[in-house]
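Visitor: I would like to go through this model with you, one topic at a time. Could we begin with the two chains together?

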Amino acid sequence: MAIGTFAPPMDAAAGLAHAADRSRIWRKFVRNPAALAGALILLVVIGAAVFAPLVAPHEPTRQSLIRRFTPPVWAEGGKASYLLGTDQVGRDILSRMIHGARVSLIVGISAVLVSLLVGVTLGLLSGFLPGRVDTVIMTVVDVTLSFPQLLLALAFVAALGPSLVTIIIVLGLTGWERYTRVVRAEVLALREKDFVEAARAIGASPARTLLRHLLPNTFSSIIVMSTLQVAQAILQEAALSFLGVGTGSAYPTWGQMIALGRDFVSVAWWLPTFPGLAILLTVLAINLVGDRLRDALDPRVT
Amino acid sequence: MLSLVTRRLVRLVVVLAGVSLVTFSILQASGDPVALMMPEAPEADRIALRLSMGFDDPLPVQFGRFVGNIVRGDFGQSFFHREPALPLVLARMPTTLLLTLLAMGLSLVIAIPIGILSAVRRNSAFDHGATLVVFLGTSMPVFWTGIMLILLFAVQLRVLPVSGWETWGALVLPAATLATFSTPLLLRIVRSSMLEVINLDYVRTARAKGVSEWFVICRHALTNAALPLVTVAGLQFGLLLGGAIITETVFAVPGVGRLIVGAIRQLDFPIVQAGVFVLALIVVLVNFAVDMLYIYLNPQIRVR
């Protein structure tokens, strides 16, 4: 059941620390046009999220029944001031999408931080303390893997009451097990290495050995996995919003826009289409960057 | 090997106990279940119900009773339907399984040949194209894909029904939607597991014997690439069920997923608990079967 992504052990020297290494990684990264395109898209999305009130042409919540269902500017009846059209109550779709980027990014990044905190801690403990602690932690991992993650998130967000914080915590607590498995595998592989032995021999405490010598060696796998998890968390947040257990507020999110637009798909195709494209592009960009990071950071791949 | 099977069985039981605990805690997380059951009742009635249902017992006692009830198939009465929750869930199970299996079958038919060809012609234009499709597929929200398919085939072309489950035509869009979700995952596994074996010595030996390339690939490489494929496909079954829940909601397919999503909106926790438990049980059993298959298929396996 437990199949880890077994990244190879690295010596301390092969870690991220060296400047020569860093420039090699950077060169490998920029040589790939897909990853570069991904990075540019991400910059745009992050910029839109940070400066949303400044760049959005309209208030995202302002309604006007006179101009409801205005089609996008290039379609017949489109207006230049509403580039991507308006929704069923006349709100500007582009402005709502720009504001929605905030929710997606905040949830995506925060959920991953929660997962990292839990997953890495348990992985270090599990790898460093074989026996009962390891058995208990790995059983918890197996139990977590038994649930369709989305279903578990759905049930707990509904039970705890939908809110931004609930979504972040629940997505974080349902997505940590990947880090535990990988960190555990790496700690197990590294435990007997000379540099760990040496650290122990010069009198480093177990905590110091763990945090200063073992943990840094897992960084490159962790960076890659957490990048890819941000993409998944954005998709999951959108799915939760779509299923009606979203942030519980009127602030626009991409998933909620699609859910509301679905009912009008036969009269106004642009309602669900554009927010979906925003999700697709953002997630695709993160996946491309993450995939390239994997190639660049993973010493196995040339 | 026998002791390995025994240990897997023990783990199965332990994991199921854990699954019960998580399912149990869903209702606890909601706060006061009695308030959900009778929102407008006077306080005295609530206290009476709380006592009669045992909600003021210590949590371990309540959990013990919950497990005892699960074993007898009793998840309590649905707050909304006023019927036992488990039969409601089980009645909708065949629909969900049919949808999942249709999508799985469709995915396999697409992913296996494309994945093999991608691995064989590594770095060709075909391989790059397939990789692009994988990236696009894994980045699309399932529900949005479904709506876009509705827009194209039901609204614009008017060739397929928008929703429902009554005719075979109605199965096409939901199954296709779920398949767009599962195909990229499978394709990636087929490609990478083929790449792992395709340059191994025994494959080269087979080639050196002068057997045709396609025979080498199908007979020698594929049979060995099948092991990781089966394992990972089993692991991703839970992911597929998650996708099925969303797909059912988009197309109004009367399956377990739609029942659970509806129950969640009504805070009908017995249904939610029964549904979550049954789906997790399926994932656990599928993974157990995959484990057993792995032991059976892999002659090298040793008890460590």
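Visitor: How many residues of chain A are in contact with chain B, and how many residues of chain B are in contact with chain A?

Guide: Please keep in mind that this is a predicted model. In it, 37 residues of chain A are in contact with 42 residues of chain B.

Visitor: Which elements of chain A give two or more residues to that side?

Guide: These are α5 (132-146), α6 (149-160), α11 (219-242), α12 (254-262) and α13 (270-297) of chain A. The largest share comes from α6(A), with 9 residues.

Visitor: And how do the residues of that side divide into nonpolar, polar and charged?

Guide: On the side of chain A that touches chain B, 28 residues are nonpolar, 7 are polar and 2 are charged.

Visitor: Let us look across from there. Which residues does B:S139 touch, leaving out those up to four places away in sequence?

Guide: B:S139 touches A:L280, A:V283, A:L284 and A:N287. B:S139 itself is found in helix α6 of chain B, residues 125-139.

Visitor: Why does B:S139 count as buried?

Guide: B:S139 is buried because 21 other C-beta atoms lie within 10 Å, and the cut-off is 20 or more.

Visitor: How far is the C-alpha atom of B:S139 from that of B:L149?

Guide: The two C-alpha atoms are separated by 16 Å, the residues being 10 apart along the chain.

Visitor: Now chain B as a whole. What is its secondary structure?

Guide: Chain B has 13 helices and 0 strands. Its C-alpha trace spans about 85 × 60 × 30 Å along the principal axes. Of its 304 residues, 38% count as buried.

Visitor: What share of the contacts in chain B with a separation of 6 or more comes from residues 24 or more positions apart?

Guide: Such residues account for 72% of those contacts.

Visitor: Back to chain A. Is A:I168 buried or exposed?

Guide: A:I168 is buried, because it has 22 other C-beta atoms within 10 Å. This residue is found in helix α7 of chain A, residues 164-173. Apart from neighbours within four places in sequence, A:I168 is in contact with A:V107, A:S110, A:A111 and A:V114.

Visitor: How many residues of helix α9 of chain A are buried?

Guide: The count is 0 among the 8 residues of that helix, 194-201, so described as hardly covered. After α9(A) comes A:G203, whose phi is positive, near 95°.

Notes: Residues are numbered from 1 along each chain as its sequence is written. Chains are lettered from A and ligands numbered from 1 in the order in which they are written. This is a predicted model: local features need pLDDT of at least 70, side-chain atom pairs count only at pLDDT 80 or more; totals for chains, interfaces and linings use all residues. Helices (H or I, at least four residues) and strands (E, at least two) are DSSP runs, numbered from the N terminus. A residue is buried if 20 or more other C-beta atoms lie within 10 Å of its own, exposed if 12 or fewer, and partly exposed in between; C-beta atoms are placed from the backbone. Two residues are in contact if their C-beta atoms, placed from the backbone, lie within 7 Å. Ala, Val, Leu, Ile, Met, Phe, Trp, Tyr, Cys and Pro count as nonpolar, Asp, Glu, Lys and Arg as charged, and the others, Gly among them, as polar.
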